[in-house]
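Morning, everyone. One structure today, and I'll keep it brief. Have a look at the screen.

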Amino acid sequence: MADSSTQSIIVGASPDRVAAVICDFASYSEWTDAVRRAEVVEEYEDGYASQVRFIIDAGVMADEYVLAYEYAEDLSRIEWHLVAPSKMQKSQRGSYDIVGNPDGTSTVTYTLEVELSVGMLGMFRRKAEKMIMDTALKQLKRRVEASGAAQ
């Protein structure tokens with residue numbers, strides 16, 4: 001059984017800019033430590049990715065898998081699920097919820113639920129999830145804020 005974990009971070013950018021970085025899968029390997037490659041394998045008619053293949057290498061865990069994506073019309077919610085089990089995962093579901101704040105920043109809430117194919121003690125799994133989520137949110141914040149400075 002997979003448990004769900006949730007964390008949030010404040011990003012110094014508009015929700016549109018945050019969503020643009022999240023949806024730019026081709027550049028994930030430039031700013032995320034674990035992603036070696038992200039490739040859009042299917043798109044919706046509007047050009048947004050419907051399926052993306054990821055190749056990750058996080059040292060102790062390497063995997064290749066495909067995620068299916070769905071988007072809220074205003075991109076305030078981007079969610080995904082694992083298309084088929086991979087070497088390391090039985091299932092994965094996740095989402096980013098992006099809310100604009102009055103000061104021009106955005107609150108990004110990341111929810112992740114992963115069921116691994118390999119056994120892992122609950123306390124180690126929770127620690128790994130927290131580390132993955134902390135890293136993902138901090139790297140997203142750094143990328144969004146850096147891309148905003150370049151504009």
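Predicted model: local features only at pLDDT ≥ 70, side-chain atom pairs only at ≥ 80, totals over all residues.

How many bridges join strand β5 to strand β6, and do they run parallel or antiparallel? The count is 5 bridges, and the two strands run antiparallel. For orientation, β5 covers residues 77-82 and β6 covers residues 89-100.

Glutamate 79 sits opposite serine 95 in β6.

Now move along the chain. β6 also pairs with strand β7, residues 106-116. That pairing is antiparallel too, over 11 bridges. So much for the count; here is one partner to click on. Serine 91 has glutamate 115 in β7 as its bridge partner. β6 and β7 form a hairpin as well, with 5 residues between them. Look at glycine 104 in that turn: its phi is positive, about 90°.

A general point while the strands are up. In a regular strand, side chains alternate between the two faces of the sheet.

Let's zoom out. The protein has 3 helices and 7 strands. Reading from the N terminus, the order is β-α-α-β-β-β-β-β-β-α.

Next, the whole-chain numbers. There are 151 residues, and 40% of them are buried.

Last one, on contacts. Take those with a separation of 6 or more: residues 24 or more positions apart account for 49% of them.

That's the tour. Over to you.

Conventions:
Residues numbered from 1 in each chain as written. Heavy atoms only, no water. Helix = DSSP H or I, 4+ residues; strand = E, 2+ residues; numbered from the N terminus. Buried < 20%, exposed > 50% of the residue type's maximum accessible area, 1.4 Å probe, protein only. Contact = heavy atoms within 4.5 Å. Pairing = 2+ DSSP bridges.
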